[in-house]
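Please walk me through this structure. I would like to follow the sheet, the helices and the open spaces in turn.

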Amino acid sequence: MTGTGVTWFSRPVRRPDAGTLLYCLPHAGGSHTSFRSWPAALPAGVEARLVQLPGRATRRREPALTSMETLVGALGPALLADADRPMALYGHSMGGLVAFELLRWLLAHGGPLPRILFVGARRAPHLPRPPGGTSHLTDDEFLRLMVQRGSLPAALIEHPTAARLVLPAYRADIRLSEGYEYRDEAPLPVPIHAYAGTEDTAVPYDAVDAWRRHTAAAFSITAVPGSHFFAGECPEPVIRMIGDLLEQPARPHPEPVPHHEGDR
């Protein structure tokens with residue numbers, strides 16, 4: 001599966017004079033519409049490009065991808081073809097994991113690296129995932145478990161029609177997450193700025209803070225108001241902080257640290 005920039009990226013607000021592109025990757029089951037308020041709210045120097053994943057929204061007729069390797073292998077070349085200016089990545093929940101592996105793909109393929117990796121509501125990739133798989137569950141069982149974990153809004157239980165629209169892509173994304181195998185590599189030569197929701201019952205603050213081990217550059221973590229879905233429910237503080245950081249002059253990345261098998 002290849003895909004083009006037109007397929008993979010939505011550009012609701014075009015800013016040809018913006019100095020930085022911000023690629024936004026949604027949470028499991030989400031789509032580019034999860035960031036509907038972001039493009040207009042970002043400062044004039046930043047243009048948002050919203051990643052459209054297969055199996056939902058405008059790409060709902062395509063099969064959702066259930067392998068991280070397949071997803072990043074398709075998204076990476078599309079990003080290289082699309083990014084005509086310096087860029088940054090923001091990934092929310094599962095999107096943070098995809099952004100992390102996308103950055104590793106760019107590093108491995110000699111592509112331009114993002115100025116900053118922003119992650120929200122995502123446990124660090126090296127941490128063990130919650131016990132128990134979900135492939136054996138019925139849709140009702142799966143939905144209730146995800147609501148119990150705080151990974152899906154409780155309102156979906158009362159709205160079965162909406163749940164039926166969301167669940168196929170969400171189950172595919174959870175399969176992708178459950179099948180993900182972390183590989184120990186050198187820390188990234190890119191700053192990481194992480195955000196944790198103060199009312200997030202799915203991903204605790206400490207699990208987000210653990211991202212610090214994955215950068216050889218700057219790291220910060222900020223607690224922001226909201227639940228696991230703060231990027232859509234109350235995004236203003238995160239948008240403001242990201243905009244402020246991206247309007248600062250870009251700094252050169254440190255040289256990548258050589259990695260040897262067994263390094264920690």
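Helices (H or I, at least four residues) and strands (E, at least two) are DSSP runs, numbered from the N terminus. This is a predicted model, in which local features need pLDDT of at least 70 and side-chain atom pairs count only at pLDDT 80 or more, while totals for chains, interfaces and linings use all residues. Residues are numbered from 1 along each chain as its sequence is written, and side-chain values use heavy atoms, with hydrogens and water left out.

The sheet comes first. It is open and mixed in its pairing, with 7 strands in the order β1-β3-β2-β4-β5-β6-β7; two strands pair if DSSP finds at least two bridges between them. β1 (9-10) and β7 (219-224) are at the edges with a single partner strand each, so one side of each has no neighbour in the sheet. β5 (residues 117-120) and β6 (residues 192-197) run parallel to each other, paired over 4 bridges. Within this part of the sheet, F118 stands opposite H193 in β6.

Helix α4 (residues 94-108) lies across β2 (20-25), β4 (87-92) and β5, at about 145 degrees to β4. Axes here are lines fitted to C-alpha atoms, for helices over the stretch in contact, and angles run from 0 to 180 degrees between N-to-C directions. Contact means heavy atoms within 4.5 Å.

α4 also meets helix α3 (residues 68-82): their axes come within 9 Å and cross at roughly 65 degrees.

The open spaces come next. On a 1 Å grid over the protein atoms alone, a pocket is an open set of points with protein on both sides within 12 Å along at least five of seven lines, a cavity is a set where a 1.4 Å probe fits but cannot get out, and lining residues have an atom within 4 Å of a point. Grid points are joined across faces, edges and corners, and a volume is the space filled by probe spheres set on the points.

The largest pocket holds about 760 Å³. Of its 28 lining residues, H27, G29, G30, S34 and V166 are the closest to its centre. α6 gives the most to this lining, with 5 residues.

The second largest pocket holds about 560 Å³. Its lining has 30 residues, of which R122, R123, R129, P130 and S177 are the closest to the centre. Here too α6 supplies the largest share, 4 residues.

What lines the largest cavity? The residues are L53, P54, R56, A64, L65, L71, M94 and D173, and the volume of this cavity is about 30 Å³.
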